[in-house]
Amino acid sequence: MADKSPLRQLRETAGLSVREVARQIGESPTNVSYWERSGQIPRSDALAPLAKALGVTVEELLGEPKPRRAAIPGGRLGQAFAAVAQLPRRQQDQIVQVVNALVAQAAPKS
């Protein structure tokens with residue numbers, strides 16, 4: 001099997017399906033799938049929404065090196081962070097405690 005296309009890799013890293021990406025950017029799943037399979041660059045009007053949905057820059061979509069500053073996570077993680085950011089501080093602190101406990105639990109033991 002051939003290597004995954006860069007667009008497919010970005011989509012999978014964001015934890016999104018073709019259908020989820022298509023819904024978020026207002027395109028058909030067929031178009032997203034075509035861009036992945038063919039390696040064709042999406043239309044210019046789809047680049048910015050696609051980059052936002054995947055949590056990357058337009059430059060990264062076009063194959064440019066990743067900028068030094070990290071972009072806000074895309075996909076489900078980015079959506080979860082955005083939702084948490086809207087909660088009151090007390091609830092945010094509780095969520096951070098749970099996440100820190102899960103990360104500590106998943107960390108490899110030395």
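Five salt bridges are counted in this structure, which is a predicted model. One of these contacts is the pairing of Arg11 with Glu36, and another joins Glu20 to Arg76.

- The side chains of Arg11 and Glu36 form a salt bridge with an N to O distance of 2.4 Å.
- Because Arg11 belongs to helix 1 and Glu36 to helix 3, this contact ties together parts of the chain that lie 25 residues apart in sequence.
- Arg11 has a relative accessible area of 9% and is therefore buried, the cut-off being under 20%.
- Glu36 is likewise buried, since its relative accessible area of 10% falls under 20%.

- Glu20 and Arg76 meet through their side chains in a salt bridge of 3.3 Å, taken from N to O.
- Glu20 sits in helix 2 (residues 18-25) and Arg76 in helix 6 (residues 75-85), so that the pair links distant parts of the chain, 56 residues apart.
- Glu20, at 22% relative accessibility, counts as partly exposed, whereas Arg76, at 51%, counts as exposed because the cut-off for that class is over 50%.

**A salt-bridge network**

- Arg43 and Asp45 are paired through their side chains in a salt bridge with an N to O distance of 3.0 Å.
- This pair belongs to a network of salt bridges in which Glu27, Arg43 and Asp45 are linked.
- With a relative accessible area of 38%, Arg43 is partly exposed, while Asp45, with a relative accessibility of 52%, is classed as exposed.
- As a general point, side chains of opposite charge can pair when their charged atoms come close.

**The second largest pocket**

- The volume of the second largest pocket is about 170 Å³.
- Its lining consists of 13 residues, and those closest to the centre of the pocket are Leu7, Gly39, Gln40, Pro42 and Leu61.
- Helix 1 (6-13) and helix 3 (29-38) each contribute at least two residues to the lining of this pocket.
- Sorted by class, the lining of the second largest pocket comprises eight nonpolar residues, four polar residues and one charged residue.

**A nonpolar surface patch**

- Leu87, Ile95, Val99 and Val103 make up a nonpolar surface patch of about 290 Å².
- Ile95, a member of this patch, is placed in helix 7 (residues 89-106).

**Separations along the chain**

- Gln9 is located in helix 1 and, with a relative accessibility of 42%, counts as partly exposed.
- The C-alpha atoms of Gln9 and Glu36 are separated by 9.1 Å, although these residues are 27 residues apart along the chain.
- Arg23 is found in helix 2 and, at 62% relative accessibility, is classed as exposed.
- Between the C-alpha atoms of Arg23 and Pro73, which are 50 residues apart along the chain, the separation is 18 Å.

Note on methods: Residues numbered from 1 in each chain as written. Predicted model: local features only at pLDDT ≥ 70, side-chain atom pairs only at ≥ 80, totals over all residues. Heavy atoms only, no water. 1 Å grid on protein atoms, 1.4 Å probe; cavity = no way out; pocket = protein on both sides within 12 Å on 5 of 7 lines; lining within 4 Å. Points joined across faces, edges and corners; volume = space filled by probe spheres on them. Helix = DSSP H or I, 4+ residues; strand = E, 2+ residues; numbered from the N terminus. Nonpolar A, V, L, I, M, F, W, Y, C, P; charged D, E, K, R; others polar. Patch = residues over 30% accessible without salt bridge, like charges linked within 9 Å, V, L, I, M, F, W, Y side chains within 5 Å. Areas by Shrake-Rupley, 256 points an atom, 1.4 Å probe, with all protein chains shown as cover. Salt bridge = Lys/Arg side-chain N within 4 Å of Asp/Glu carboxyl O. Buried < 20%, exposed > 50% of the residue type's maximum accessible area, 1.4 Å probe, protein only.
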